[in-house]
Amino acid sequence: MAVEPLIFDLSKPGRRGTSVPQATGPETPIPDELVRSSLELPEVSEIDVIRHYTRLSQKNHAVDINFYPLGSCTMKYNSKINEIAARMPGFAHIHPLQDPETVQGALELMHDLQGFLAEISGFAAVTLQPAAGAHGELTGILIAREYHKLRGETGRDTVLVPDSAHGTNPATAAMAGFKVVTIPSDERGNVDLAKLREAVGPSTAALMITNPNTLGLWDEGIEEAIEIVHNAGGLVYNDGANFNAILGIVRPGDLGIDIMHFNLHKTFSTPHGGGGPGSGPVGVRADLAQFLPAPMIEKRTAADGAVSYGYAWPERSVGKVHAFFGNFGMHVRAWTYIRMHGAAGLRQVSEDAVLAANYLLANLKDRYDLPYDRTCMHEFVLSARRQKALGVRTLDIAKRLLDFGVHPPTTYFPLIVEEALMIEPTETESIETLDAFIAAMRQIADEVENDPEYVRTAPHFTEYKRLDDVTANRNLNLRWLPEHRDLAAVADD
Ligand SMILES: *Cc1c(COP(=O)(O)O)cnc(C)c1O
């Protein structure tokens with residue numbers, strides 16, 4: 001017997017993991033169009049399935065296993081109380097088409113969360129509908145488009161994007177039909193204000209800025225940048241994915257930012273979940289609330305003082321961007337996280353996240369290059385160009401870190417740093433974990449000098465070594481098929 005049989009090979013005709021009780025009442029035939037003549041799934045027992053998925057989970061790295069300093073992704077620990085709250089039957093077993101009277105608690109929670117996020121960020125209104133950060137960006141930029149259209153300024157067809165912005169920003173602007181103009185950074189890693197001044201004009205729809213930016217730096221000229229764009233008649237969109245650095249310290253709305261998205265799966269500790277379901281709420285200033293996706297959750301107070309919650313359709317809504325209300329389970333988790341911490345606790349989250357990042361930076365900058373040598377926010381970007389000169393690339397260092405049981409940092413991003421290693425420790429790690437990471441990074445720096453081949457051929461201790469990323473990406477094959485069928489046949493179905 002193979003040590004680890006794949007579930008596909010275990011299939012035995014007639015083997016089952018469930019048993020359905022014999023029906024006792026009258027039979028109701030299922031309409032023909034809903035019935036498939038065959039359902040070709042592996043036929044396996046319950047224990048086969050459990051062992052298969054447990055084994056798979058052990059092959060993967062996870063934040064519940066060890067340190068995961070993946071820059072820009074805020075892989076903080078997701079407290080289990082979030083999960084307990086989201087699994088409460090009153091939240092988990094309701095349906096969005098239920099009569100609102102029967103789901104008042106869920107609506108109250110969403111209304112609360114809209115309000116909490118607005119309060120934390122300084123915006124007038126927040127939609128919970130978008131399912132991810134990039135989805136929030138698209139929602140926000142569609143709102144900017146409607147805003148200009150309503151004012152008759154349809155010539156505003158350009159979005160300015162600093163080169164330190166996240167890659168989703170220019171992608172979003174292009175997807176919404178805008179031209180994208182890149183604004184360079186200055187030598188301190190801030191948006192180059194002179195270049196911004198040259199670029200703005202009557203065709204400027206918006207500046208899409210990531211602040212703190214992907215270098216992990218607070219833009220020192222942010223208020224001036226906002227003024228430049230506003231004076232030219234444009235809006236300022238802030239990519240708020242890096243909000244974990246400034247909770248309770250700065251409210252982007254107070255700075256004059258017009259639109260911002262939040263990543264609940266980063267800052268507010270809801271799971272990232274392999275690409276989804278995430279949640280990317282969007283906050284806007286007061287006069288943009290009329291464009292938010294519908295419906296919003298509204299609080300109503302009757303003449304007798306009775307409070308209830310219902311749905312409201314913003315007057316000039318951009319429409320729906322997600323079925324129903326977005327990923328409600330994530331709203332429950334984020335609500336729980338915010339209530340668990342309270343205002344002072346959220347501020348401490350950011351203070352500790354920034355402290356942890358600066359602690360790593362201070363203990364690594366003598367061994368790796370630090371192109372922008374400033375106090376960082378929640379993350380920082382090293383360059384392995386010194387190691388590259390010795391024949392070792394960032395990718396090799398990342399692979400070697402796997403031998404220490406650590407998920408590597410983000411590599412080769414941002415693009416403006418050669419051989420980039422973007423490190424974000426988050427606030428949920430102990431000093432022992434941070435010290436172990438420092439020791440590993442310093443040991444790897446030694447190895448690069450003394451035995452570069454050892455780093456180049458890493459990892460040495462993981463079950464799998466270097467996978468072919470490109471093939472894995474292009475020829476993704478996740479689907480089991482019985483032997484007699486092939487993918488082409490399925491495509492024809
Ligand atoms: C993660 C991230 C995004 C995209 O968010 P998703 O939820 O992955 O779509 C955008 N901008 C920045 C700065 C990010 O870190």
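**Around the ligand.** I looked up who surrounds the ligand in this predicted model and found 13 residues, the closest being Ser-72, Gly-133, Asp-239, His-265 and Lys-266.

Helix H6 (residues 133–150) gives the largest share of the shell, three residues.

**Atom pairs.** Next I checked distances. Ser-72 has a polar side-chain atom 2.6 Å from an oxygen atom of the ligand. The side chain of His-265 also has an N or O atom 2.6 Å from a ligand oxygen, while for Asp-239 an N or O side-chain atom is 2.5 Å from a ligand nitrogen. The protein covers 85% of the 380 Å² of accessible area that the ligand has on its own (Shrake-Rupley method, 1.4 Å probe).

**A note on the numbers.** Residues are numbered from 1 along each chain as its sequence is written, and side-chain values use heavy atoms, leaving out hydrogens and water. Local features need pLDDT of at least 70 and side-chain atom pairs pLDDT 80 or more, while totals for chains, interfaces and linings use all residues.

Notes. Near = heavy atom within 4 Å. Polar contact = N/O pair within 3.5 Å; in protein donor to acceptor, adjacent residues only side chain to side chain. Helix = DSSP H or I, 4+ residues; strand = E, 2+ residues; numbered from the N terminus.
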